[in-house]
Amino acid sequence: MIRRNFLYSAAGAAAAQNPSGQIGVGMVGVGNRGGYVMKSVMAQTGVRVAAICDIKPDRLDKAASAAARDNPAVYRDYRALIDDKGVNAVHISTPCDLHVEHAIAALKAGKHVYLEKPVGITPASIGELVKVARQANRVIQVGQQLRSDPRMRKTIERIHQGVIGKVVMIKAQRHAGDDLPHDSSSADWFFDAKRSGDVIVEMSVHNLDVCNWAANSRPERASGFGGALVWPNDPLGRTNMDGYTLSYEYANGVKLSFSQVFFHPRGLPGNGQYWYVYGTEGAVDLGTSTLYPRGRDGKPQVLFPEEKVDLNLAHVTSFIEAIRTSSPSSVSADLMVGAHGALTAILGRDAIYGKKTLTWSDLGVEL
Ligand SMILES: NC(=O)c1ccc[n+]([C@@H]2O[C@H](COP(=O)([O-])OP(=O)(O)OC[C@H]3O[C@@H](n4cnc5c(N)ncnc54)[C@H](O)[C@@H]3O)[C@@H](O)[C@H]2O)c1
């Protein structure tokens, strides 16, 4: 109680200006993700958490304690955080339906933005964000941290150099053994597809972005089927799917087969996430960076050994470095990566919802 009283009285107070040369980061939405990423922000040299914002008092309380070293200002209205002169960069980790609104406000106020994925959940709002970002010329990092995985980067570079010939097909999946907990602290928005964008946009945007990256293209059309197959209307009012299969054809001809389920029993082989990239000369398992040459005598070969990297830390470091060196294009997942990833997921989602093949131009956005 004492802590809460302190927070309420501090709410709205301006943050102390940052010592010279320091970058002040404001955290909007300090739930599971925001609280976690804040640790990577605090691990950066010359960076302080200048402000935090959440609409839930218990979240604010917890985050304020975790960031006590930096004595951040505390807000319940994100606009006050964005107006804070001590905030140079904003990390946005609110529910998905608020991303575009919060990112546009931050960019218009001249702040750099680290925006959690998906960048948006509707094509029109993503188009609007891209337009504002072009005017703003600020550093934007999208929270697709697989782009900061050095082994994946090197493996995909090798694929682009032709190690399996011409890429013709990708098979990928995101399978889990159970539904997300129905009583978790994110359950108030997660199961509502109007707020989360549905599981394909909220979660598989990571996986589909890697497919785009490996294919070196973006989908031209998609069709698929799915729904709430095991947990219909559970939790009550649920509009998220729990399983679907999708086919995409890329603009450069690559075909993709993708599925996501929450009901893959743990003992059944083939669980988890993978990306198999097939070319005219062989295939690569991206997850293990292993090349499988085609033909009888081809022996599997590990292209790059595993590297122990904290992807979240690396991703935040890439953001801070881009700010420090004034080089927006040096981030590992820029807004174009995020927008293509989100639109890829939205294309698949809407093809499933409409039970018809949709094309990229049906999205109605020019990137
Ligand atoms: N990059 C990743 O791998 C990754 C992992 C998990 C979640 N995420 C993304 O992070 C976001 C948050 O997910 P989460 O699991 O932390 O959810 P969460 O529910 O735990 O946290 C969201 C927080 O935002 C707060 N919030 C809601 N409306 C707000 C507003 N108007 N102003 C300020 N705060 C507000 C909520 O009170 C809550 O504390 C989602 O977009 C999710 O997709 C990304």
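**Note on a two-domain predicted model**

1. The centres of domain 1 and domain 2, taken over C-alpha atoms, are separated by 28 Å. The assignment gives domain 1 as 2-146 + 315-335 and domain 2 as 149-304 + 339-363, with bounds that come from an automatic or database domain assignment. Residues are numbered from 1 along each chain as its sequence is written. The model is predicted, and local features need pLDDT of at least 70, side-chain atom pairs count only at pLDDT 80 or more, while totals for chains, interfaces and linings use all residues.

2. Between the domains, 16 residues of domain 1 are in contact with 22 residues of domain 2, two residues being in contact if their C-beta atoms, placed from the backbone, lie within 7 Å. On the side of domain 1 that touches domain 2, helix α6 (residues 123-136) supplies the largest share, three residues. That side divides into 10 nonpolar, four polar and two charged residues, where Ala, Val, Leu, Ile, Met, Phe, Trp, Tyr, Cys and Pro count as nonpolar, Asp, Glu, Lys and Arg as charged, and the others, Gly among them, as polar.

3. Six strands, in the order β3-β2-β1-β4-β5-β6, make up an open sheet with parallel pairing; strands (E, at least two residues) and helices (H or I, at least four) are DSSP runs numbered from the N terminus, and two strands pair if DSSP finds at least two bridges between them. Because β3 (73-75) and β6 (140-142) each have a single partner strand, they stand at the edges, with one side of each left without a neighbour in the sheet. Neighbouring strands are turned by 20° against each other on average, direction ignored.

4. Strand β1 (residues 23-28) is joined to the parallel strand β4 (residues 89-92) by four bridges, and Val25 stands opposite Ala89 in β4. Six bridges join β1 to β2, again running parallel, and Met27 has Ile52 in β2 as its bridge partner. Five of the six residues of β1 are buried, so the strand is largely enclosed by the rest of the structure; buried means that 20 or more other C-beta atoms lie within 10 Å of the residue's own, with C-beta atoms placed from the backbone.

5. Around the ligand there are 25 residues, of which Gly29, Gly31, Asn32, Arg33 and Ser186 come nearest, a residue being near if its C-beta atom, placed from the backbone, lies within 6 Å. Helix α2 (residues 32-42) contributes the largest share of this shell, three residues, and each of domain 1 and domain 2 provides at least three. By class, the shell has eight nonpolar, 10 polar and seven charged residues.

Key: Axes are lines fitted to C-alpha atoms, for helices over the stretch in contact, and angles run from 0 to 180 degrees between N-to-C directions. A residue is buried if 20 or more other C-beta atoms lie within 10 Å of its own, exposed if 12 or fewer, and partly exposed in between; C-beta atoms are placed from the backbone.
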